[in-house]
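Visitor: I am new to this structure. Please show it to me, and then I will ask about it.

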Amino acid sequence: SNLLGIVELTQFQQFYHFDRVNLDTRNSNTDIRNSNVDEFISLPMEKIPRSSIVFNKDLTIFQKCACLCEKYVLPGSVHELNLSYKTRQRLVEDHKQLFSSKSIAECACIFDIVVQETTSLIFDSFWRFRQSNTFQEWSDKTFSNKN
């Protein structure tokens with residue numbers, strides 16, 4: 001679920017990249033002008049199956065945010081991600097209002113923290129796994145045969 005969430009939410013970020021950079025945010029509560037927009041994960045979009053939510057032309061950005069929350073964020077969701085309480089609660093509250101209090105620019109950035117937290121969780125797990133005996137044995141066996 002973590003990897004699927006990162007892929008689909010990153011597709012959302014990339015799909016709305018234009019909005020993230022070009023929309024006027026002077027009236028929004030979140031100032032994305034100071035955020036580093038280019039720091040999100042870049043995926044080879046042409047090689048990854050397209051999200052049926054993100055690329056659905058019949059859905060508005062607000063509806064897409066609601067669908068992605070229902071899939072990854074809401075407690076008990078099919079692919080519920082392991083998020084901090086603060087992040088989950090903020091998104092649950094936004095979902096209750098169907099993101100109506102958010103601007104398009106805010107919606108374009110709303111899953112940034114979710115991708116960041118999930119990516120961090122995966123990297124932390126991977127680095128711990130790399131230090132395990134199981135990984136060391138596999139690594140020694142795999143790479144010693146190549147010499």
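Visitor: Does Cys109 count as buried or exposed?
Guide: This is a predicted model, in which local features need pLDDT of at least 70, side-chain atom pairs count only at pLDDT 80 or more, and totals for chains, interfaces and linings use all residues. Residues are numbered from 1 along each chain as its sequence is written, and side-chain values use heavy atoms, without hydrogens and water. Buried means under 20% relative accessible area, exposed over 50%, and partly exposed in between, with a 1.4 Å probe and protein chains only. Cys109 has 12% relative accessibility, so the residue counts as buried.

Visitor: How far from Cys109 is the nearest cysteine sulfur?
Guide: A disulfide is a pair of cysteine sulfur atoms within 2.5 Å, and the whole structure has 0 of them. Cys109 is in no disulfide, and the nearest cysteine sulfur, in Cys107, lies at 9.5 Å.

Visitor: Which cysteine sulfur is closest to that of Cys67?
Guide: Cys67 is partly exposed, at a relative accessible area of 26%. Its closest cysteine sulfur is 9.5 Å away, too far for a bond, and belongs to Cys65.

Visitor: How far apart are the end C-alpha atoms of helix H3?
Guide: Helices are DSSP runs (H or I, at least four residues), numbered from the N terminus. The expected span is 1.5 Å times one less than the number of residues. For the 12 residues of H3 (61-72) that gives 16 Å, and the end C-alpha atoms agree, being apart by 16 Å.

Visitor: Which helices do the buried residues of H3 pack against?
Guide: The buried residues of H3 include Ile61, Leu68 and Tyr72. Their packing partners are H1 (2-15), H4 (85-96) and H5 (104-109).

Notes. Helices (H or I, at least four residues) and strands (E, at least two) are DSSP runs, numbered from the N terminus. Contact means heavy atoms within 4.5 Å.
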